[in-house]
Amino acid sequence: MMNQPMCHSILLRALPIFAGLLCLSGFCRAGDNLVKNGDFSNGDLLPDDWIFFAGETKLWDAQQALEKVAYEQQGGVDDSKCLRVKPSEEKIVADQIELNEILEPGTYKLSAQIKSEGFNEGSLRLAVVNRPFTEWNGYIDIKPGAENDGSTGWTEIQTTFTQAEEQKGFRIDFLVNSANGTIWIDDIALEKVGD
Ligand SMILES: [Ca+2]
C-alpha cells in the first residue's frame, strides 16, 4: 500500500496536468494564463512556444534570433529566466500564435513585467491580435522613459480589454520598435477577469 506522503506527492504532481487538460478541453477558468511559457521558464537555446521576427522577417534559425534577443538564464522576476531584447534599429517581435485556443467573450487582462536600461528612443507594444491576425485587440504601448535615461527596475504593465465575440485563435505580440536601449520582459499573462 502506498504510504501517505508518496500519495500526496503524486497528487501534487498530477494536479497541474489535470488543470492543463481541463484548459485544453476549453474549460479555461477565470485566472488561467492563456499565454504558454509566459514566464520563459521552459526552453533550451530559446524559450519554448515563442517565435521571433526582425522587421517582417521570421528568424527561423536560433543563431539569427540570438543576434536580436537573449534568453537570460537568471535576472528575471525572482531571478528566474527571462527574455532580453537587444538594442536594434529594426522592429524585433516575439510572437506566440495560438490557432486553436478559444477566447470566449468577456473581459481580459493582458500584463507583463518589463525592465529597461537606456530605453530612451523607440517604443514597445504588448498586444493580443485576433485571428486572422489583422485586428489588434488589447494592447499597451510603452514610450521610452524620460527619467533615469529610460532605465527602470521590474515594473508591471497591464491593460484590460473586452472580447466581444468568441474567437478561435489569437496571437500574442511583444514588439520592440527601433529601440536604442535594452529591454527585458518576463511573466507575460493573458487572463479572463470577467464576463
Ligand atoms: Ca521568468
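## A pair at the sheet edge

Let's start with Ala-54, which sits opposite Thr-57 of strand S2. Strands here are DSSP runs of E with at least two residues, numbered from the N terminus. S2 runs antiparallel to strand S1 (residues 51-54), and two bridges join them; at least two DSSP bridges are what it takes for strands to pair.

This is a predicted model, where local features need pLDDT of at least 70, side-chain atom pairs count only at pLDDT 80 or more, and totals for chains, interfaces and linings use all residues. Residues are numbered from 1 along each chain as its sequence is written.

## The open sheet

S1 and S2 belong to an open, antiparallel sheet of six strands, ordered S2-S1-S5-S10-S7-S8. Strand S2 (57-58) and strand S8 (135-142) each have a single partner strand, so one side of each lacks a neighbour in the sheet.

Beyond four places in sequence, Val-69 touches residues including Phe-52, Leu-83 and Ala-94; contact means C-beta atoms, placed from the backbone, within 7 Å.

## A look at Ile-172

Ile-172 lies in strand S10. Ile-172 is buried because 24 other C-beta atoms lie within 10 Å, and the cut-off for buried is 20 or more. Its contacts beyond four places in sequence include Val-35, Val-128 and Ile-188.

Technical notes
Helices (H or I, at least four residues) and strands (E, at least two) are DSSP runs, numbered from the N terminus. Two residues are in contact if their C-beta atoms, placed from the backbone, lie within 7 Å. A residue is buried if 20 or more other C-beta atoms lie within 10 Å of its own, exposed if 12 or fewer, and partly exposed in between; C-beta atoms are placed from the backbone.
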